[in-house]
Amino acid sequence: MIQLIFLIICVILGILVYLSGALDLLGSAFVTIIGIFIVIARGFNWLTILLLFLILGSAFTSFKKDYKKRIGLVHEQRTIKNVISNGIVPVVMAIFGNYAGFIGAISTATADTLASEIGVLSEPILITSQEHVQPGTDGGISVLGTVAGLIGALIIGVSAYLLNVSPDITHSICIAAISGMIGCFADSLLGATLERNGLFNNEHVNLTATIIGALVGIIITIGV
């Protein structure tokens, strides 16, 4: 009965995400399916971590929206491609019950999203050459964006402990901070190289970065 209630909640949340404009119809439907898989496999507390990523991403995307619009960096409505590239790794980690990989992947996605959305408010440098580039340039990083990304990762780490996804607060924070930032910088490096050269698109970069974040989280756990 409780599982059925949670499944209904997943559907309601998917509808709310669509109505909010954060995702298009297919993206909202797919995030609902992801939510159902996570609830069935691990429970609503694991899903809450994924929802937290969506909430933070939407909030920071809306932050200084008028300014972003003026410089031509307002994100279009996110689609199923964005959901798959950021969400498929966490759902696989949840299905297999690997909390470290789950936290690592979501911390990476959160850190990258917040770093991108806040980093455009300052002048970034290219991660490979340190030359100054325009805000929104693939592979651009900034102090402001990096701090925002770290805060996002830490929020995921603390929340994972509070929601009983991770058994230890220190361990949870370490996984989130280290995995999130390594994954975030990997995203920037891939953006500055493969994406700028047309070998990867944004979805390829995001998917690869979340895989790296998950692997780092798993390695940290093995080393403890």
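In what follows, buried means under 20% relative accessible area, exposed over 50%, and partly exposed in between, with a 1.4 Å probe and protein chains only. This is a predicted model, in which local features need pLDDT of at least 70 and side-chain atom pairs count only at pLDDT 80 or more, while totals for chains, interfaces and linings use all residues. Residues are numbered from 1 along each chain as its sequence is written, and side-chain values use heavy atoms, with hydrogens and water left out.

Q: What makes Thr 108 count as buried?
A: Its relative accessibility is 1%, and the limit for the term is under 20%, so Thr 108 counts as buried.

Q: Which backbone oxygen does the side chain of Thr 108 reach?
A: The side chain of Thr 108, a residue of helix α6, lies 3.2 Å from the backbone oxygen of Ser 179; a polar contact is a pair of N or O atoms within 3.5 Å, where within protein one must be able to donate a hydrogen and the other to accept it, and residues adjacent in sequence count only if both atoms are side-chain atoms.

Q: Why is α6 described as largely enclosed by the rest of the structure?
A: Of its 21 residues, 20 are buried, so the helix is largely enclosed.

Q: Why is the aromatic pair of Trp 46 and Phe 102 called tilted?
A: Rings of Phe, Tyr and Trp (its six-membered ring) pair if their centres lie within 6.5 Å, and planes under 30 degrees apart count as stacked, over 60 as edge-to-face and the rest as tilted; with 4.8 Å centre to centre and 45° between the planes, Trp 46 and Phe 102 therefore form a tilted pair. Both Trp 46 and Phe 102 are buried.

Conventions. Helices (H or I, at least four residues) and strands (E, at least two) are DSSP runs, numbered from the N terminus.
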